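Here are my notes on the model you sent. Please read them with the structure open.

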Amino acid sequence: MRYQTDLLTQGISELKLNLTQSRLEQFLTFYEMLVETNKVMNLTAITDFDEVVVKHFLDSLLIVKEIDMNQVSTMIDVGTGAGFPAIPIKIMFPHIKIVLLDSLQKRLNFLEQVIASLKLTDVKTVHGRAEDIARKKEYREQSDLCVSRAVANLSTLSEYCIPFVKTGGMFVSYKSADSREEISKAVNAVELLGGKLAEQKTVHLPCSDLDRTFVCIKKVRTTPKEYPRRAGTPSKNPLQ
């Protein structure tokens, strides 16, 4: 099927990234697999091509406004879902070793097919809850960068994500445009987990009338061994 790819080309150009023909083909293949699988599995409410381009592909890549992804070697996407933001990031930055973490095996089965079809290397899917996986030595404090577009309050997300980040690394949460109150409530939790709020910045999403807020948390010291608490606790009883 032929697609009108102007929005994708324009948006990636605005992000000052290089969309090669092979990368364009990877995005198109990913889109086709996403909408086809979505017919039998709930992956996304957004299926229109242009909307997927803007609200999934470009939104995932918007992190380049905050982080120099060329300096990132290892990354984990917590609650990756249908592969956002990790798969678009991997397409554009193939040097990064990426872990895709999700609690639903069916989503990871889909992502395994995507990884194979797009011929992506150094991508690993991990099934489990963040609270459990973050206690395993092969994942705890191993990543330069942890990202999450998951919908949860920042205190809860921080307990899920900060334990994965090595000291000196960064946790970046994709938030809606106005998240000031949520961020202010999470400051103590972030510090308790070994992080420090480095920046919160609202940036415009190319080819849209939307904005996205990035909350950037620097890992400044080792996360205490009692965190994350057992599965379910961070969401039911967020750190104050």
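1. Start with what covers helix α3. The cover over its buried residues includes α1 (6-14), α2, α4 (86-92), β5 (165-175) and β7 (211-219). This is a predicted model. Ten of the 13 residues of α3 are buried, so the helix is mostly covered. Among the buried ones are F49, H56, D59 and S60.

2. The geometry of α3 (residues 49-61) holds up. The end C-alpha atoms lie 17 Å apart. At 1.5 Å a residue, its 13 residues should span 18 Å, so the two values agree. D48 caps the N-terminal end, with a side-chain oxygen 3.2 Å from the backbone nitrogen of D50.

3. Next, the core. The largest nonpolar core counts 57 residues, and I63, M69, M75 and I89 have the most contacts inside it. Helix α2 (residues 21-38) supplies the largest share, eight residues. I63 touches M69, I89, L145, V147, V172, Y174 and F214, leaving aside residues up to four places away in sequence. A second, separate core has 27 residues, including L157, C161, A189 and V215.

4. The sheet is open, with seven strands in the order β3-β2-β1-β4-β5-β7-β6 and mixed pairing. Its edge strands are β3 (123-127) and β6 (195-204). Neighbouring strands are turned by 20° against each other on average, direction ignored.

5. β6 and β7 run antiparallel, joined by nine bridges. Q200 stands opposite V215 in β7.

6. Two helices to check against the sheet. Helix α5 (residues 105-117) lies across β2 (97-102) and β3, at about 170° to β3. Helix α7 (residues 154-161) touches β1 (74-78), β4 (143-148), β5 and β7, and its direction makes about 145° with that of β5.

Notes
Residues numbered from 1 in each chain as written. Predicted model: local features only at pLDDT ≥ 70, side-chain atom pairs only at ≥ 80, totals over all residues. Heavy atoms only, no water. Core = buried A, V, L, I, M, F, W, Y, C linked by side-chain atoms within 4.5 Å. Buried < 20%, exposed > 50% of the residue type's maximum accessible area, 1.4 Å probe, protein only. Helix = DSSP H or I, 4+ residues; strand = E, 2+ residues; numbered from the N terminus. Contact = heavy atoms within 4.5 Å. Expected span 1.5 Å × (residues − 1). Polar contact = N/O pair within 3.5 Å; in protein donor to acceptor, adjacent residues only side chain to side chain. Pairing = 2+ DSSP bridges. Axes fitted to C-alpha atoms, helices over the stretch in contact; angles between N-to-C directions.
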